[in-house]
Amino acid sequence: MQFIDLAAQQCQQLPDGRTIREAVDARIASVLDHGRFILGPEVEELEGTLSAYVGVNHCIAVASGTDALLSALMALGVRAGDEVITTPFSFISTAETIALLGATPVYVDIDPVTYNLDASKLEPAISTRTKAIIPVSLYGQPANFPVINAIAESHGLPVIEDGAQSFGSEKNGRRSGSLSTIGTTSFFPSKPFGGYGDGGACFTDDPELADRMRRVSRHGQARRYFHSDIGVNGRIDTLQAAILLGKWPNFEQEVEARGRIGAAYSRKLQAAGVTTTPQLAAGNKSVYSQYTVQVDCRTEVQAALKDQGIPTAVHYPTLLCQQPALRCEHISCSRGCSTPVAQSVSQRVMSLPMHPWLSEADQDRVVNALVTAINQTSVSFAA
Ligand SMILES: Cc1ncc(COP(=O)(O)O)c(C=O)c1O
């Protein structure tokens, strides 16, 4: 069994009768024919398709989810001496991009139910140096944007949704990417809308921010060989945009399948009653980028599942505030941070195989093996 079965994806049939592989092959061939490998027409087509789907006026396709975050922070003018508030429970990019600009990540603990930034702890973390807030929509469900946005607005602060894991999810009927000042996402192959390489995007309704993000992600170039800003080479490849467009017609079906499989996992695991299951906050629709449970004796449970040929993963075993690269002395942080919920959760979470083609039989195999492993490890733990 695969943790995420990307090979199965290529065999899926699109509404026009072709497989994803055939559609992607045709898109790649078209790029090889026209030869506009940098910022070819597929980039603009992808941006138009994604902005319409997300429900915002502007999409800027970039080279990765990391570049999307960097472009967003640079467009907002974040620099040395600034603070950016975020969650300690995320992939490194969320804080790495803040530190790369010489700013300081300030961590707010997570909600014990959704694992997203705890909005009730946000306000005390805001200081005169705060320049932006980056909540992460972890494991596929949006953070508490109505409350976070209201607090941010009362302080005149922009909010960037790190939606690398949540493209396709919704909060109160609005899609991830449209939930705050700027939304970012990743097209890393294992993400809900994954390409076959690196890619990412920024979303916003603000025309000035859109303009700045486009500029900074393209060497700060205002016009050919005239550079108004310091920027980066953060362009998405035309080939990657073409691949994403080839896969696009299947995406909504994949989102539906993810929701269905996530709900089925939860039903089966709740019936067994041996572990926590993901809980969705009111108004949230998750894309289950990860299906993550909490277990005691995680190392033993993972080993028992591995013996049964079932892969698992831990997202994330080390908090951002504990990463050697982000130690306080490296990022000029004297604020300290108190994140006991994230600390406890990071020691217990474990993600199960999850993708839109996970069969009912495989779901049952995972659930049965997990129940057996938990029962066995808790017996031997007690003994
Ligand atoms: C929460 C989060 N933010 C940012 C990123 C960075 O995306 P990318 O790998 O496309 O740079 C990831 C990717 O794993 C992620 O999970």
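Start by selecting Asp162 together with the ligand: a polar side-chain atom of Asp162 sits 2.8 Å from a ligand nitrogen atom. Keep in mind as you look around that this is a predicted model.

Then pick Gln165, where an N or O atom in the side chain is 3.0 Å from an oxygen atom of the ligand. How much of the ligand does the protein bury? On its own the ligand exposes 390 Å², and 93% of that is buried by the protein.

Next, bring up the wider shell. There are 16 residues around the ligand, and those that come nearest are Gly65, Thr66, Asp162, Ser186 and Lys191. To see which elements give two or more residues to the shell around the ligand, color α4 (65-75) and α5 (93-100).

For the last stop, move to strand β13, residues 291-294, and click on Gln294. Is Gln294 buried or exposed? Its relative accessible area is 12%, so Gln294 counts as buried, the cut-off being under 20%. Show side chains and you will find a polar contact of 2.9 Å between those of Gln294 and Tyr115. Finally, select what surrounds Gln294: setting aside neighbours within four places in sequence, its contacts are Tyr115, Thr275, Thr276, Val345, Arg348 and Val349.

Technical notes. Residues are numbered from 1 along each chain as its sequence is written. This is a predicted model: local features need pLDDT of at least 70, side-chain atom pairs count only at pLDDT 80 or more; totals for chains, interfaces and linings use all residues. Side-chain values use heavy atoms; hydrogens and water are left out. Helices (H or I, at least four residues) and strands (E, at least two) are DSSP runs, numbered from the N terminus. Buried means under 20% relative accessible area, exposed over 50%, partly exposed in between (1.4 Å probe, protein chains only). A polar contact is a pair of N or O atoms within 3.5 Å; within protein, one must be able to donate a hydrogen and the other to accept it, and residues adjacent in sequence count only if both atoms are side-chain atoms. Contact means heavy atoms within 4.5 Å. A residue is near a molecule or strand if one of its heavy atoms lies within 4 Å of it. Accessible areas come from the Shrake-Rupley method with a 1.4 Å probe; for residues, only the protein chains shown count as cover.
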